[in-house]
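Trainee: I have a new chain open on my screen. Can you walk me through it?

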Amino acid sequence: MTTTTPDRAQLTGEYTLDPAHTRIGFVARHAMVTKVRGAFNDFTGTARIDGENPGRSTVELTIKAESIDTRNADRDGHLRSNDFLDMAQYPDITFRSTAVEATGDTTFDVTGDLTVKGVTRRVTVPFTYEGQALDPFGNRRIGLEGSTTINRQDFGVTWNAALETGGFLVSDKVTLEFDVSAVKQG
């Protein structure tokens, strides 16, 4: 894998996310003293990359809310409920890009519409290109990493509980993390 400045023309093409090698995760503060990390295990995503004109690139992502995994079954059940994601009514979390901008040789801002629990807000995720490689099966892969922080209340995810010592059980700020392995198609 190379992490040198990419030949952007070589990046041009259609890509799909490899769910076995991609992590879509999140981090939220719990009880004001620690962090809870989790991930979504069921998702699909595609990207159309125009290496010479990144502004013509597009990204789409669909996450199954029921696939939330924090390694605690009771907490996961609560997160799937109406208190948080209400997955029975809103089974999908989606992201559709509206703009892609190169911000450096290996950095890009991907801006788009994130929909959680039926509420859509514009977010920007800064990504870093981590490199590309041919896998043992002859597939060209690229790696990207990005993260951004959102306020969950902006998406109608408002449940919380006050703590006896002050503060709340769950932070409003949630960091979204993307460790992407995308496979070039064709």
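Trainee: In what order do the elements of the chain run from the N terminus on?

Mentor: Keep in mind that this is a predicted model. The order is α-β-β-β-β-β-β-α-β-β-β-β-β. That comes to 2 helices and 11 strands.

Trainee: What does the C-alpha trace span along its principal axes?

Mentor: About 55 × 30 × 30 Å.

Trainee: And how does the radius of gyration fit a compact globule?

Mentor: The chain has 18 Å. A compact globule with 186 residues would have a value near 16 Å, so the two agree.

Trainee: How much of the chain is buried?

Mentor: 40% of the 186 residues count as buried. The accessible surface is about 10,100 Å², and 50% of that belongs to carbon and sulfur atoms.

Trainee: What share of the contacts join residues at least 24 apart?

Mentor: 57%, taken among contacts between residues at least 6 apart in sequence.

Trainee: Let's do strands. Which way do E1 and E11 run, parallel or antiparallel?

Mentor: Antiparallel, with 3 bridges joining them. E1 covers residues 13-17. Thr16 has Val183 in E11 as its bridge partner.

Trainee: How many bridges does E2 have with E11?

Mentor: 7, again in the antiparallel sense. Look for Gly25, which stands opposite Glu177 in E11.

Trainee: What about E10 and E11?

Mentor: They pair over 11 bridges, antiparallel. E10 is residues 140-151.

Trainee: How many residues sit between E9 and E10 in the hairpin?

Mentor: 5 residues. Check Gly138 in the turn: its phi is positive, about 85°.

Trainee: Switching to aromatics. How many pairs does a search of the whole structure find?

Mentor: It finds 3 aromatic pairs. Take Phe26 and Phe40 as one of them. Their ring centres are 5.6 Å apart and the planes are at 50°, so the pair is tilted.

Trainee: Why does the pair of Phe26 and Phe40 tie together parts of the chain?

Mentor: Phe26 lies in strand E2 (residues 23-30) and Phe40 lies in strand E3 (residues 34-40), so the pair ties together parts that are 14 residues apart in sequence.

Trainee: What about Phe127 and Phe178, how far apart are the centres?

Mentor: 5.9 Å centre to centre, with 50° between the planes. That aromatic pair is tilted. Phe127 sits in strand E9 (residues 119-134) and Phe178 in strand E11 (residues 170-184). The two are 51 residues apart, and the pair links distant parts of the chain. Phe127 and Phe178 are buried.

Trainee: New topic. Where does Ser57 lie?

Mentor: In the loop between strand E4 (43-49) and strand E5 (58-64).

Trainee: Why does Ser57 count as buried?

Mentor: Its relative accessibility is 9%, and the cut-off for buried is under 20%.

Trainee: Which backbone nitrogen lies 2.9 Å from a polar atom of the Ser57 side chain?

Mentor: The one of Asp50. Leaving out residues up to four places away in sequence, Ser57 touches Arg48, Ile49, Asp50, Ser97 and Val100.

Trainee: Last one, Arg80. Which helix is the place of Arg80?

Mentor: Helix H2, residues 73-80. At 26% relative accessibility, Arg80 counts as partly exposed.

Trainee: What does the side chain of Arg80 reach?

Mentor: The backbone oxygen of Ile68, at 3.0 Å. Arg80 also touches Ala65, Glu66, Leu85, Asp86 and Met87, among others, not counting residues up to four places away in sequence.

Trainee: How far apart are Arg80 and Glu66 in space?

Mentor: 6.2 Å, C-alpha to C-alpha. In sequence, Arg80 and Glu66 are 14 residues apart.

How values were computed. Residues are numbered from 1 along each chain as its sequence is written. This is a predicted model: local features need pLDDT of at least 70, side-chain atom pairs count only at pLDDT 80 or more; totals for chains, interfaces and linings use all residues. Side-chain values use heavy atoms; hydrogens and water are left out. Rings of Phe, Tyr and Trp (its six-membered ring) pair if their centres lie within 6.5 Å; planes under 30 degrees apart count as stacked, over 60 as edge-to-face and the rest as tilted. Helices (H or I, at least four residues) and strands (E, at least two) are DSSP runs, numbered from the N terminus. Buried means under 20% relative accessible area, exposed over 50%, partly exposed in between (1.4 Å probe, protein chains only). Two strands pair if DSSP finds at least two bridges between them. A polar contact is a pair of N or O atoms within 3.5 Å; within protein, one must be able to donate a hydrogen and the other to accept it, and residues adjacent in sequence count only if both atoms are side-chain atoms. Contact means heavy atoms within 4.5 Å. The radius of gyration is taken over C-alpha atoms; the globule rule is 2.2 Å times the number of residues to the power 0.38. Accessible areas come from the Shrake-Rupley method with a 1.4 Å probe; for residues, only the protein chains shown count as cover.
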